[in-house]
Amino acid sequence: MMNEIDKLVWPASAGGVGVMDKTGFNTTATIAKQFGVIKKAPSAGRVPHRPGGEAVAELKSAGTDVVDSGWKALNVKVSPGGK
Amino acid sequence: MASGQAQFGVDWLPSLLAARDKGTDLVNVAQVFARSGMTQLTWKSSGINTIAKMKGKKVANWLGGNQYELFAALTKAGIDPNNKSDVTIVQQPFDMNLFLQHKGRLRVGDDLQRARQVLETGVKDSQINVIKMQNAGTGMLEDGLFSTGSWLSSAATRRSRSSSSRPRSRAGSTAVTTGRLRETSRSSTGRPCRRVIRPG
């Protein structure tokens, strides 16, 4: 289960885990606008996210890999009852 | 969140954008998931292997803000999710029992549910179709942490006021008590369960 969750998190966006990826944000906003989830596109000057840049910067300076670009999912064979 | 009882929550980005679009002052503070995981499962025996073939069928979804990717994909395929003569949307709990009991033709889930809740019951991968919203062209960013703009402003003020002798984590020490929190946990049986806690 965590292996499946990991796939959604890693590798993280170029800015580091938790930092909003601009492309991902723009794609989401575009699709949301196109299909009526939102009426108006979020204005450029008021992007509704604050990158967790400070926390990530601290981790970076401590030598932590915040992107893990080489991450690969485990090959987990799922069996009935988890046995 | 809105009542001030919680300072942080977890929401999918399109849901957060929708709230903001209506004027709610929610701010994403950390985007945890970097890619869309929303997946639709169908029984291979149903012959439904595309979004377009969901026309006239029962399609289950968690709803509550998690439906936007699916609804966009249906709309894109010419199916109006709000029109019962096009498709019947069924609200599904955070388990896959409806799917497993064949009570509907289609179930939404994601890969972790496919792995844990469907395949673990003995269903074979060869028995199900996996339709990813990402591949349907309507994948959007999902789980992210959010707070309110006003709380963040006041937290920043508190922090700048605090002296160096007071750890700055003070502002962030408030526990999450309620809000649109979605969590993944395991029950005593080891089965995963996901809960949505909504403010009143």
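This is a predicted model: local features need pLDDT of at least 70, side-chain atom pairs count only at pLDDT 80 or more; totals for chains, interfaces and linings use all residues.
**Two chains and where they meet**

Where does Pro11(A) lie? You will find Pro11(A) in the loop between α1, residues 2–9, and α2 of chain A.

How confident is the predictor about this chain? The mean pLDDT of chain A is 84, with 88% of its residues at 70 or more. Within chain A, confidence is highest in α2(A), at 94, and lowest in helix α3, residues 53–61, where the mean is 84.

Which element of chain B has the lowest confidence, and which the highest? The lowest is strand β9 of chain B, residues 181–186, with a mean of 38, whereas the highest is helix α2 of chain B, residues 68–76, at 96. Over residues 163–200 of chain B the pLDDT is below 50, although in the model this stretch still has 53 contacts beyond near neighbours in sequence. For the model as a whole, the scores are ipTM 0.87 and pTM 0.79.

Let us turn now to a sheet in chain B. Three strands form an open sheet in the order β1-β8-β2 (chain B), and their pairing is antiparallel. The edge strands, each of which pairs on one side only, are β1 (9–12) and β2 (26–31) of chain B. From one strand to the next, the twist averages 50°. If you look at β2(B) beside strand β8 of chain B, residues 143–148, you can follow five bridges that join these antiparallel strands, and Leu26(B) stands opposite Thr148(B) in β8(B). Lying across β2 and β8 of chain B is helix α6, residues 149–161, which runs at about 70° to β8(B).

Finally, we come to the place where the chains touch. The contact takes 32 residues from chain A and 34 residues from chain B. On the side of chain B that touches chain A, the elements giving two or more residues are α1, β2, α2 and α4 (111–118) of chain B, and α1(B) gives the most, with seven residues. Sorted by class, that side of chain B has 20 nonpolar, eight polar and six charged residues.

Within this contact, I would like you to look closely at one pair of helices. Helix α2 of chain A, residues 22–34, packs against helix α1 of chain B, residues 13–21, at an angle of about 60°, with the axes 10 Å apart. The two helices, α2(A) and α1(B), are therefore oblique to each other, and α2(A) passes α1(B) in a right-handed crossing. Which residues meet here, on α2(A) and on α1(B)? From α2(A) come Thr28(A), Ala29(A) and Ala32(A), and from α1(B) come Leu13(B), Pro14(B) and Leu17(B). Of the residues in this contact of α2(A) with α1(B), five are nonpolar, one is polar and none is charged.

Note on methods. Residues are numbered from 1 along each chain as its sequence is written. Chains are lettered from A and ligands numbered from 1 in the order in which they are written. pLDDT is the predictor's confidence in each residue, from 0 to 100. Helices (H or I, at least four residues) and strands (E, at least two) are DSSP runs, numbered from the N terminus. Two residues are in contact if their C-beta atoms, placed from the backbone, lie within 7 Å. Two strands pair if DSSP finds at least two bridges between them. Axes are lines fitted to C-alpha atoms, for helices over the stretch in contact, and angles run from 0 to 180 degrees between N-to-C directions. Angles under 35 degrees count as roughly parallel, over 145 as roughly antiparallel, 65 to 115 as roughly perpendicular and the rest as oblique. A crossing is left-handed if the near helix is turned anticlockwise from the far one by less than a right angle, and right-handed if clockwise. Ala, Val, Leu, Ile, Met, Phe, Trp, Tyr, Cys and Pro count as nonpolar, Asp, Glu, Lys and Arg as charged, and the others, Gly among them, as polar.
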